[in-house]
Structures are given as C-alpha cells and as structure tokens.
Amino acid sequence: MENSGNGDIPEDANEHCPGTQSEAAGKSDACQGCPNQQICATAPKGPDPDLLPIAERMATVKHKILVLSGKGGVGKSTFSAQLSFALAAMDYQVGLLDIDICGPSIPKMLGLEGQDIHQSNLGWSPCYVESNLGVMSIGFMLPNPDEAVIWRGPRKNGLIKQFLKDVYWGELDYLVVDAPPGTSDEHISIVQCLLETGIDGAIIVTTPQQVSLIDVRKEVSFCKKVGINVLGVVENMSGLCQPLRDIKFLKPSGTSEQSDVTEWALQYMKERAPELLNLMAYSEVFDSSGGGAMKMCQEMGVPFLGKVPLDPQLCKAAEEGKSCFEDQKCTASAPALKSIIEKLIPKRAAENGV
C-alpha cells in the first residue's frame, strides 16, 4: 500500500482514489467500479482505537519477531517452537504467540495440549512451559481439539487484536509470533498492530524446491512493501540427514512387498566395517537444483540464515512437545538450529551453549 494524506491507497484502486480513511471513501465518482468500493464505504474511518491499548501492552516487550512462510507445511511452527525453547534456555523471558487461527499446532509442539487459558484482573494469562516461556494460542480455547475454526477475516483480526491487547505477558525479552502461511488477513492485522509498537523483523521459513520458493518470494515482497525488516531466510528440510545406524534397510522383492533386513545389515557393518556406523546418511528429498533459498536471498537482497536438515529426531521432538536441545538425539538438526540462532542473537547463544 501507498500512503497519502487521505489515508492508505490500495494497489488495485482506481485513479484519483480519495484514500481508505477519507470520508469520501467508496462514495466519490472516482470510486465507481473499484473492487474495494463496498469495503471502503462501510469500513470505520480514522485511527484504530485498539492501537493505543495494544501499544501500552506491548511496551513491556523488548523484541518482537514474526516467523512467516509463503508455503504451508514447511516447518514454520516447528522452527518457532524450537526458537522459543532456545531463547528460554538462554534465560530470556519469552512469549510465543500463535496466530494461526485455523490450524493451531503450537500447543502440541510445546507439550501444552489440553491446557486452558485463565483470566485475571490483569488480562488473559498465557500457558507456561517453564516460568520464562509462556504460550498463547486459539488452540487453548477450543472445547474439542478436532473442532474446525471457520471464521471470516474480521473475526480473525478481532482475536489477534485481543491476543495483543488482553494477554498479560509481563516483562518479555522476546515475543515470537507464529503466523499462518501466506500474506492474508492475519498478516496484515498483526503487521498493522505491531508496526506501531516497534518490531525487530521477520524470519521467513522455506523448503529448497522452487514450488516453495515461488511463494516465499511473495512473502519477502510483502515484508518490503509493509516496511518489515527481513531478519533472514531459513531453508528447512534441506535434505534428509540421520545417523546411518538409525536407517531402516529393505530388500526389494520384485513386488510391492519388501523384506526388512535392517538387523542383518547393521550386524554386517558392525562385523566388517564398524566405522560406517559412525557416519551420517544424507539424501536430497526436494529438488534444490535451482539454487534453493541461498540463491533466492542473493537475488532479493535479504540475509540467508542457514539450512536445517530434515531430521526424524526433530520431528519426534515436535510431536512430543520437547526442545531439540535437551538431549543429544537431534544430532543433525540441533547444531544447524544453533548456528542460525547464533546469527540472530550471537553473544548470548554462545555464552549459554545452546
């Protein structure tokens, strides 16, 4: 959007648009035939009255980071959860806000399924994983986890505003906002609300193949258009990587049935080439022949933060609502995530060994 003295002017507006905040919006001769005419004519004019209480609530939050993805299913919520776990392990006060209204997966990834939101005179209380890691999601409000959330844009926007102005986070070092994929209502709403209070920027998550990067390019363009700093792009699921000893070996039989020969193969290697069992096995899952996220970042002038391999142990940690940094099981993904977090928060990450 461009900004004029009369308010915001949509990109697809007619020539001589009076601006969405003008009293003539949707009513002047210039508005005839414009696709935005009905919305402009009926939308409330003037500054959003919710912005002041949101700004007051967000004044106690030092850093605000959006986690975005142009494509669904790229592991954005997994990254948001593990980033929050890592920041909390550095002794920061952390809040994780899930604004994916229709597909809230954060409660499960933080091990908080079945929790309820409580209200006090200070506002809604987040659900806590640790004393310094609070979480808020519509997932805590659903009476049945299988219930579909079928809401139009205005109702989604209303809930996002409530999350921002009514949740009592207390003093936070970091608020991580996990957004749904795309550049829809939820994104516009959260950006409009947070830009007024100061926002560090956005981390964009993608997978290596072109079908994902096409949509991620739109996400980068969205950030530039609305004035959000792109902190960097993470290439997730960048090849399947796991210890060779964790791989299952199958023997083809010429039919759809295959024989499991894992036990024999591992025993064979143990007896004849035990050093192989200490190797990591890596396989390209998605086509990255187009250069992947790194090439896209070079072309679009945004930072590339690094690659995170597709690690079955990280998938398991997400399913169990655990941090991948707690034990030594996530041997492929934890070091990669640590490297990315060190680029975002260099000094404290190194000090705390995350």
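The model is predicted: local features need pLDDT of at least 70, side-chain atom pairs count only at pLDDT 80 or more, and totals for chains, interfaces and linings use all residues. Residues are numbered from 1 along each chain as its sequence is written, and side-chain values use heavy atoms, with hydrogens and water left out.

**Overall fold**

- The chain has 12 helices and 15 strands. Helices (H or I, at least four residues) and strands (E, at least two) are DSSP runs, numbered from the N terminus.
- Along the principal axes, the C-alpha atoms fill a box of roughly 85 × 45 × 40 Å.
- Of the 354 residues, 46% count as buried. Buried means under 20% relative accessible area, exposed over 50%, and partly exposed in between (1.4 Å probe, protein chains only).
- Take the contacts between residues at least 6 apart in sequence: 72% join residues at least 24 apart. Contact means heavy atoms within 4.5 Å.
- The accessible surface is about 18,000 Å², and 50% of it belongs to carbon and sulfur atoms. Areas come from the Shrake-Rupley method with a 1.4 Å probe; for residues, only the protein chains shown count as cover.

**Second largest cavity**

- Searching the whole structure gives two cavities of 30 Å³ or more. On a 1 Å grid over the protein atoms alone, a cavity is a set of points where a 1.4 Å probe fits but cannot get out; a pocket is an open set with protein on both sides within 12 Å along at least five of seven lines; lining residues have an atom within 4 Å of a point.
- The second largest cavity has a volume of about 60 Å³. Grid points are joined across faces, edges and corners, and a volume is the space filled by probe spheres set on the points.
- Its lining includes Gly75, Thr78, Phe79, Gln82, Val234 and Asn236.
- Two or more lining residues come from each of α3 (76–89) and β11 (230–243). α3 gives the most, with three.
- The lining has six nonpolar, four polar and no charged residues. Ala, Val, Leu, Ile, Met, Phe, Trp, Tyr, Cys and Pro count as nonpolar, Asp, Glu, Lys and Arg as charged, and the others, Gly among them, as polar.

**Second largest pocket**

- The second largest pocket has a volume of about 590 Å³.
- It is lined by 31 residues; Pro104, Ser105, Lys108, Met109 and Glu113 are the closest to its centre.
- α4 (106–109), β11, β15 (304–310) and α10 (312–320) each give two or more residues to this lining. α10 gives the most, with four.
- By class, the pocket lining divides into 16 nonpolar, eight polar and seven charged residues.

**Aromatic pairs**

- The whole structure holds three aromatic pairs. Rings of Phe, Tyr and Trp (its six-membered ring) pair if their centres lie within 6.5 Å; planes under 30 degrees apart count as stacked, over 60 as edge-to-face and the rest as tilted.
- Trp124 and Phe163 have ring centres 6.0 Å apart and planes at 70°, so this pair is edge-to-face.
- Trp124 is in strand β6 (residues 123–125) and Phe163 in helix α5 (residues 153–166), so the pair ties together parts 39 residues apart in sequence. Both Trp124 and Phe163 are buried.
- For Trp264 and Tyr268 the ring centres are 5.4 Å apart and the planes at 35°, so this pair is tilted.
- Trp264 and Tyr268 both sit in helix α8 (residues 262–272), four residues apart, about one turn of the helix.
- Trp264 is exposed, at 57% relative accessible area, whereas Tyr268 is partly exposed at 37%.

**Asp50**

- Asp50 is in the loop between α1 (37–42) and α2 (51–58).
- Asp50 counts as buried, at 18% relative accessibility.
- Leaving aside residues up to four places away in sequence, Asp50 touches Lys161 and Lys165.
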